Amino acid sequence: MDKKILRNKMLHMRNQLSDEECVKRSEQITYHLINTDAYQKAEYLLVYIHYQKEVMTDQIIMHALSTGKHVFVPRVSGKDMEFYEIHSFEDCNSGFHGISEPSESCVSFPEVCCTVTSPSEKNTLQNTLMILPGLAFDSTGHRLGYGGGYYDRYLAQTGIECTKMAVAYSFQVIIDVPHEQYDVRVDTVITD
């Protein structure tokens, strides 16, 4: 199936969820995620702030902050995205497409913990977990995002290699996601 057609189909299905259903499913996904070894062992958490009917991440973020993890959320500038550390949701303002983003005073992820000096250098961070959004996923880790390529570019440009988890409603996991060579694969998909 063509990526554009699949995106539209998944957006339509997701938008059919009631607010109550989003909350209930997101709570189940949060429970499953915070009980994984990867989450338990992570010192650094790179996680999106949900928008509209995406899997809600506010409970994940609050749990991570309450357990002493360093939490980083994305801010978009043009075609680029960078993660910045927050200590509460008060560190965020309305940003790209109305999505909550970290304020200008927040410190970037590489400044806090990385030693990568060039994009060709790889920095494997075993104590780092990235939680990615998306519209569709398959069992081999292929991910269909929104088409902007922000996560693919971020990982390619920074050289950061970490555990990558996606959170998704169960209907978003399908047999085969169309993909390109440069598309980032996730290690695990957590569903309700």
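A cavity here is a set of grid points where a 1.4 Å probe fits but cannot get out, and a lining residue is one with an atom within 4 Å of such a point. Please keep in mind that this is a predicted model.

How many cavities of 30 Å³ or more does a search of the whole structure find? The search finds 1. The volume of the largest cavity is about 40 Å³. Its lining is made up of Arg14, Tyr48, Glu54, Val55, Pro133, Gly134, Val167, Tyr169 and Gln172. Sorted by class, those lining residues are 5 nonpolar, 2 polar and 2 charged.

Next, the pocket. The largest pocket has a volume of about 740 Å³. It has 32 lining residues, and nearest its centre are Pro133, Tyr146, Gly148, Tyr150 and Tyr151. The lining divides into 17 nonpolar, 7 polar and 8 charged residues. Which elements each supply at least two residues of this lining? They are helix H1 (3-15), strand E2 (70-77), strand E5 (100-102), strand E8 (143-144) and helix H6. H1 gives the largest share, 4 residues.

Let us stay with H6, which spans residues 150-158. Its buried residues are Tyr151, Asp152, Tyr154, Leu155 and Thr158. Looking down the helix axis, these buried residues fall within an arc of 165°, so they line one face of H6. After H6 comes glycine 159, with a positive phi near 75°. Is glycine 149 buried, partly exposed or exposed? Its relative accessibility is 25%, so glycine 149 counts as partly exposed.

In soluble globular proteins, nonpolar side chains tend to be buried together. In this model the largest nonpolar core has 54 residues, and those touching the most other members are Leu33, Phe83, Phe109, Met130, Ile131 and Tyr154. Strand E9 (residues 160-168) contributes the largest share of this core, 6 residues.

Take methionine 130 as an example. Neighbours within four places in sequence aside, methionine 130 is in contact with Leu46, Phe83, Tyr151, Tyr154, Leu155, Cys162, Thr163, Lys164 and Met165. Tyr151, Tyr154 and Leu155 are among the buried residues of H6.

A second example is isoleucine 86, in strand E3 (residues 80-86). Isoleucine 86 counts as buried because its relative accessibility is 0%. Not counting residues up to four places away in sequence, isoleucine 86 touches Ile61, Leu65, Val71, Val73, Asp91, Cys92, Pro102 and Cys106.

Last, two loop residues. Glutamine 52 is in the loop between strand E1 (44-47) and helix H4 (58-66). Glutamine 52 is not a glycine, yet its phi is positive, about 55°. At 57% relative accessibility, glutamine 52 counts as exposed, because exposed means over 50%. Histidine 97 lies in the loop between strand E4 (92-94) and E5. Histidine 97 is not a glycine either, and has a positive phi of about 55°. With 56% relative accessibility, histidine 97 also counts as exposed.

That is the end of my part.

Key
Residues numbered from 1 in each chain as written. Predicted model: local features only at pLDDT ≥ 70, side-chain atom pairs only at ≥ 80, totals over all residues. Heavy atoms only, no water. 1 Å grid on protein atoms, 1.4 Å probe; cavity = no way out; pocket = protein on both sides within 12 Å on 5 of 7 lines; lining within 4 Å. Points joined across faces, edges and corners; volume = space filled by probe spheres on them. Nonpolar A, V, L, I, M, F, W, Y, C, P; charged D, E, K, R; others polar. Buried < 20%, exposed > 50% of the residue type's maximum accessible area, 1.4 Å probe, protein only. Arc of directions from axis to C-beta. Core = buried A, V, L, I, M, F, W, Y, C linked by side-chain atoms within 4.5 Å. Contact = heavy atoms within 4.5 Å.
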